[in-house]
2 protein chains.
Amino acid sequence: MNIITISREFGSGGRELGKRLADELGFSYFDTEIVSGIAEKSKLDEGYVDYVLENGVMNQIPITFSHSFSFLPYLSFGAADIFAEQRNIIRELAAGDNCIIVGRNADVFLEKEKPLRIFVYADMQSKIKRCMDRAPEGEKLTAKEMERKIKQVDKARANSHSIIADVAWGDKRGYDICVNTSNTVIKDIIPAVAQFARAWLSSK
Amino acid sequence: MNIITISREFGSGGRELGKRLADELGFSYFDTEIVSGIAEKSKLDEGYVDYVLENGVMNQIPITFSHSFSFLPYLSFGAADIFAEQRNIIRELAAGDNCIIVGRNADVFLEKEKPLRIFVYADMQSKIKRCMDRAPEGEKLTAKEMERKIKQVDKARANSHSIIADVAWGDKRGYDICVNTSNTVIKDIIPAVAQFARAWLSSK
């Protein structure tokens, strides 16, 4: 099975790159499927599962999710179980088909399967611009606020990664190839990344 | 003109990657040509020029080169001039032909020409193995000594880079793509890198 994992800085366009790359290569694409799979198995709120996975711990449970675990699921299905379930679901998905998995620490969980591990990054200015261009209707953050948000999200990703990996999130030694998307239209570099991926996967 | 610069950790196989990539793409390949060009213009010893460029400063001049600058050249052509000449020669070379330049801070000197900037790296174990497999006849370093040598060479490269660049040597933000050669036969990943390079250059 050919597997590509994509880790990415918030605002670097990594998710778009993953989606387009999957289209280009004819691979399955998994991202939110992992969260909804865990939510289904655990009967927990999807937003809550996502929060635990993105932040690595459940020590500060946001009030918005509190209604969803007032009973048994909360007691019987803790953060450690969510992580374990994430690993199981990622492995199931990866065993079924050539695929691209974005985020979710799939690079670490699938280490033995020797996926092509891509890290997507960009300079802060490019990330702020990309985020502001694509902000959901009604979100009106200043550039400074956006920078803070980008740093927060990436810090949470780094935390969540550090629980299970030896090499720090974003450290190039943890990836096979790192791609800089500063000042780049994602669509334009898809042929480059796709051709690299095809040749790399076929050489292994 | 299509330009590719290759920066690399010592022992990562970056030079071999550059040479093979140049063959694959039909580009000119420049490496020691830069040193010999400067030596010729300045009438300085090639080994000394190389030492200054690799170490960034000339505060500790190795005794082996001392004979070559006992007179005028040393006084009239200092480290700053060597750096300036390096910049000139790199720009001349890059203006002439599609080319690949390995090391020599070409990524920084050619910033305006928007080259494809590649960084080649590997884990320490792979680098030690590669260096020991290819050690010149008579060099008998232990793995520990080799690790020290690798760190020394890379430290010197980082120093030399820091004189002219804002982003630290090896920091992925200073490159367009970073390629991990751990446990990799360089020849096997040339098609992947070449296809990436062709598509990337044609998208710019």
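Are α9(A) and α9(B) roughly parallel or roughly antiparallel to each other, and what makes it so?

Analyst: This is a predicted model, in which local features need pLDDT of at least 70 and side-chain atom pairs count only at pLDDT 80 or more, while totals for chains, interfaces and linings use all residues. Residues are numbered from 1 along each chain as its sequence is written, chains are lettered from A and ligands numbered from 1 in the order in which they are written, and side-chain values use heavy atoms, without hydrogens and water.

The axes of α9(A) (residues 186-203) and α9(B) cross at roughly 175 degrees and come within 8 Å. The two helices are therefore roughly antiparallel to each other, a label given to angles over 145 degrees, with under 35 counted as roughly parallel, 65 to 115 as roughly perpendicular and the rest as oblique. Axes here are lines fitted to C-alpha atoms, for helices over the stretch in contact, and angles run from 0 to 180 degrees between N-to-C directions. Helices (H or I, at least four residues) and strands (E, at least two) are DSSP runs, numbered from the N terminus.

Contact (heavy atoms within 4.5 Å) involves D188(A), I189(A), P191(A), A192(A), V193(A), Q195(A), F196(A), A199(A), W200(A) and S203(A) in α9(A). On the α9(B) side, the partners are D188(B), I189(B), P191(B), A192(B), V193(B), Q195(B), F196(B), A199(B), W200(B) and S203(B). By class, this contact has 14 nonpolar, four polar and two charged residues; Ala, Val, Leu, Ile, Met, Phe, Trp, Tyr, Cys and Pro count as nonpolar, Asp, Glu, Lys and Arg as charged, and the others, Gly among them, as polar. An α-helix has 3.6 residues a turn, so residues three or four places apart point the same way.

The pairing of the chains can also be described as a whole. Chain A superposes on chain B by a rotation of 180 degrees, with 0.0 Å of shift along the axis and an RMSD of 0.0 Å.

The crossing is right-handed, meaning that the near helix is turned clockwise from the far one by less than a right angle, with anticlockwise giving left-handed. From α1(B), E16(B), L17(B), R20(B), L21(B), E24(B) and L25(B) meet residues of α9(B), among them I186(B), I190(B), A194(B) and R198(B). The residues of this contact divide into nine nonpolar, no polar and five charged. Both I189(B) and V193(B) belong to this contact, and both also meet α9(A).

As for the chain around the helix, chain A holds nine helices and five strands. Buried residues make up 52% of its 204 residues, where buried means under 20% relative accessible area, exposed over 50% and partly exposed in between, with a 1.4 Å probe and protein chains only.

Definitions and conventions
Least-squares fit on C-alpha atoms with pLDDT ≥ 70 in both.
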